[in-house]
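This report is meant for a reader who is meeting the structure for the first time.

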Amino acid sequence: MANDKPAARPGSFENLVSDYGAGGEFHQHAADGDERLTTAQGVTISDNQNSLRVGAPGPTALEDFVLREKIFHFDHERIPERVVHARGFGAHGLFECTKAIPEITRAAPFQKEGKITETFVRFSTVAGSKGSPDLARDVRGFAVKFYTDEGNWDLVGNNIPVFFIQDAIKFPDLIHSVKPEPDRGFPQAQSAHDNFWDFISLTPESMHMVMWQMSDRTIPRSFRFMDGFGVHTFRFVNAEGRSSFVKFHWKPKLGLQSVLWDEALKINGADPDRHRRDLWDAISMGDFPEWELGLQIFDEDFADRFDFDVMDPTKIVPEELVPLTIVGTLTLDRAVDNFFAETEQVAFCTQNVIPGIDFTNDPLLQGRNFSYLDTQLKRLGSPNFTKLPVNAPRGCPVHNFQQDGHMQTANRKGRVNYEPNGWGKGPRAHPLEGYVSYAVREEGEKRRLRPESFADHYSQARQFFLSQTPVEQGHIRDALVFELSKCQEVDVRARIVAHLRNIDEGLAEAVAMGLGLPDMPEPAPAARPTRTDLPPSDALSILKNPPPSFSGRTVGVLVGDGADASLLAELRSVLAAEGAMMKLVAPRVGGVRDTSGEAQAADEKLGGGPSVLFDAVVLLPGKEAASLASNPAAKDFLTDAHAHCKFIAHQGAEPLIEACALESKMDEGWLALKDSDGVDGFVKACRDLRYWPREKTLGGNPPLAQTFSP
């Protein structure tokens with residue numbers, strides 16, 4: 001924009017927005033004397049917010065050279081690591097169909113109950129580099145490759161069901177904004193900086209995703225305790241050619257669980273590979289993680305009646321309106337043999353679908369279908385990346401006339417390398433068995449525009465916020481204050497608060513207070529007024545959906561010489577029966593001797609095994625209670641466990657408790673261990689994962705009161 005315009009009050013959009021599109025998007029137009037945004041060929045761009053489509057709700061036109069060039073250049077910006085989702089970890093698994101649905105789709109994995117399909121799954125963060133820590137506040141990629149008997153199907157999703165943008169043409173801008181700032185090369189794997197929040201403040205469609213991003217969903221306890229989503233609306237097509245819409249959900253059998261932000265920071269210091277190590281260890285021990293595949297299936301009539309556009313990737317369909325149909329179970333049962341050969345070289349493409357699964361006119365999905373193939377070509381260096389074992393189909397033969405190129409290993413024999421041919425040799429198309437796209441009639445003007453049905457950017461953001469418990473709402477507020485406090489530009493902070501006023505006035509006021517804004521900005525311009533009649537959805541809350549047990553979790557036991565042998569044995573037995581683990585943390589890595597004189601090997605040395613690595617803790621200092629009371633690492637172990645609302649069991653630990661000044665703060669989350677009944681009670685209490693009432697007593701920002709009316 002021109003620099004001679006008068007200054008506006010903080011939080012104002014007056015000098016930043018030239019026009020508003022039909023979908024509520026912000027447009028910035030060049031003024032006289034301003035630089036014109038152009039293609040690499042010097043052609044001035046008329047609209048940098050929308051791809052070229054056939055009608056507002058229609059498909060993206062392949063001829064859109066602005067979109068193709070922009071994403072093409074973006075895809076080739078990094079070598080050799082991925083531009084996004086660079087830090088990942090993969091595993092092999094099996095998908096078992098538990099409910100056949102041939103009447104809805106002809107897709108091979110869903111044709112027969114009990115059918116097994118091989119899979120490969122890659123989890124990842126989005127923004128950070130390969131060397132970034134696992135516990136960044138970030139979306140997690142959840143990509144599944146199905147090796148079906150009708151070809152490979154890639155369900156390339158995230159652990160959040162919506163995304164920041166509605167049109168793929170904005171993806172390079174989004175990722176540029178969240179990546180390290182180009183002049184200084186930092187911050188790494190963080191959204192807490194001016195560029196990201198400046199972009200978000202001028203992209204109102206992002207506000208629903210911002211609520212998810214600032215929630216505990218983006219700091220999961222591990223890959224094993226998070227959801228997965230296909231994000232977009234897809235089509236199912238059955239053998240008769242009838243179509244339904246479908247959204248994909250992965251639900252972890254161990255339940256959802258996240259860490260606190262202070263825990264995340266400390267885990268990144270203690271074990272930056274925490275998520276990778278957790279998945280590797282679980283599979284190695286035979287504790288195979290499982291997810292159920294749930295489907296939201298609905299028809300055109302529901303899509304027409306629904307309050308929002310099902311093609312909008314910034315919107316969900318609440319589970320209360322379309323309940324999940326569970327159709328299968330994914331089990332990860334084998335770690336990779338070689339990280340590079342499999343996890344690094346696996347190539348996911350949203351365009352990889354099989355008969356029975358088809359695309360919709362979701363403009364973000366349409367752009368991804370172009371982008372992913374181009375990305376893999378750049379990253380893996382050859383169109384023959386499909387020959388790599390991790391990418392090659394396993395359940396069906398591959399026959400075509402593709403030839404030559406780098407790394408080609410399977411050229412056909414003989415003279416025939418084309419079709420049709422008169423030699424009677426080579427593969428042929430099959431009109432009945434082959435992939436047939438669902439016939440959709442499209443019409444409309446070929447223009448850069450966004451559907452007006454995409455224009456409501458705040459109503460579902462409000463619905464998500466109101467669906468959280470007071471504890472979770474407080475975490476969203478604290479995350480926003482933390483992130484925006486890292487922004488140097490006061491105006492950026494104020495503009496975000498202006499958007500928050502369209503979501504919830506109480507949240508906006510709390511964030512403004514946390515930032516110390518002198519004045520509340522006016523609400524951001526909204527293409528559609530925020531609806532206040534959308535009911536909360538319990539399915540959107542982590543804490544309203546507790547896990548069925550303490551299974552899959554780990555208790556850290558701080559021990560010293562003379563620790564009670566019978567309690568250690570009882571703890572180990574009860575936790576094993578629960579499906580949980582116990583790890584000993586000792587002053588020496590060589591371990592301790594218990595009251596029976598038996599050596600107890602340590603899993604972690606005190607200082608290297610802080611309490612942030614465990615789901616609950618036990619204090620059994622034995623004869624070393626006094627010395628541990630003066631040990632800084634022991635005091636950190638206990639004070640952090642208390643501050644993070646963990647359940648704490650103890651015996652003979654009074655000196656350490658007093659040294660941490662916690663004797664007057666012991667609440668119902670503290671349990672004294674006197675006998676086996678105490679162990680049973682402790683493990684039963686641990687099923688709640690945290691003692692949340694303690695958070696109110698810890699100082700700082702208390703949880704937001706649940707005073708908002710839906």
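Predicted model: local features only at pLDDT ≥ 70, side-chain atom pairs only at ≥ 80, totals over all residues.

When its neighbours within four places in sequence are left aside, Asp167 is in contact with Gln49, Asn50, Ser51, Arg53, Glu205, Pro363, Leu364 and Arg450.

Aromatic rings come next, and the structure holds 31 aromatic pairs. In one of them, the rings of Phe74 and Phe171 have planes at 90°, and because an angle over 60 degrees counts as edge-to-face, so does this pair. Phe74 belongs to helix α1 (residues 65–75) and Phe171 to helix α2 (residues 171–178), so that the pair links distant parts of the chain, 97 residues apart. Phe163 and Phe164 form another edge-to-face pair, and the two pairs are set side by side below.

| Pair | Centre to centre | Angle between planes |
|---|---|---|
| Phe74 and Phe171 | 5.5 Å | 90° |
| Phe163 and Phe164 | 5.6 Å | 75° |

Phe74 is buried, with a relative accessible area of 3%; Phe163 counts as buried at 11%, and Phe164 is buried at 5%. Elsewhere, ring pairs link a series of residues into a cluster, among them Phe95, Phe110, Trp153, Phe248, Trp250 and Trp291. Rings also meet charges in this model: the charged end of Arg137 sits over the ring of Trp261, 5.1 Å from its centre, and the charged end of Lys145 sits over the ring of Phe348, 5.1 Å from the centre of that ring.

How do α2 and helix α3 (residues 194–201) pack, and at what angle? Their axes lie 6 Å apart and the angle is about 145°. The contact is made by Asp173, Leu174, Ser177 and Val178 on the side of α2, and by Asn195, Phe196 and Phe199 on the side of α3. The residues of this contact divide into four nonpolar, two polar and one charged.

Conventions. Residues numbered from 1 in each chain as written. Heavy atoms only, no water. Phe/Tyr/Trp six-rings, centres within 6.5 Å; stacked < 30°, edge-to-face > 60°. Helix = DSSP H or I, 4+ residues; strand = E, 2+ residues; numbered from the N terminus. Buried < 20%, exposed > 50% of the residue type's maximum accessible area, 1.4 Å probe, protein only. Lys NZ or Arg CZ within 6 Å of the ring centre and 35° of its normal. Axes fitted to C-alpha atoms, helices over the stretch in contact; angles between N-to-C directions. Contact = heavy atoms within 4.5 Å. Nonpolar A, V, L, I, M, F, W, Y, C, P; charged D, E, K, R; others polar.
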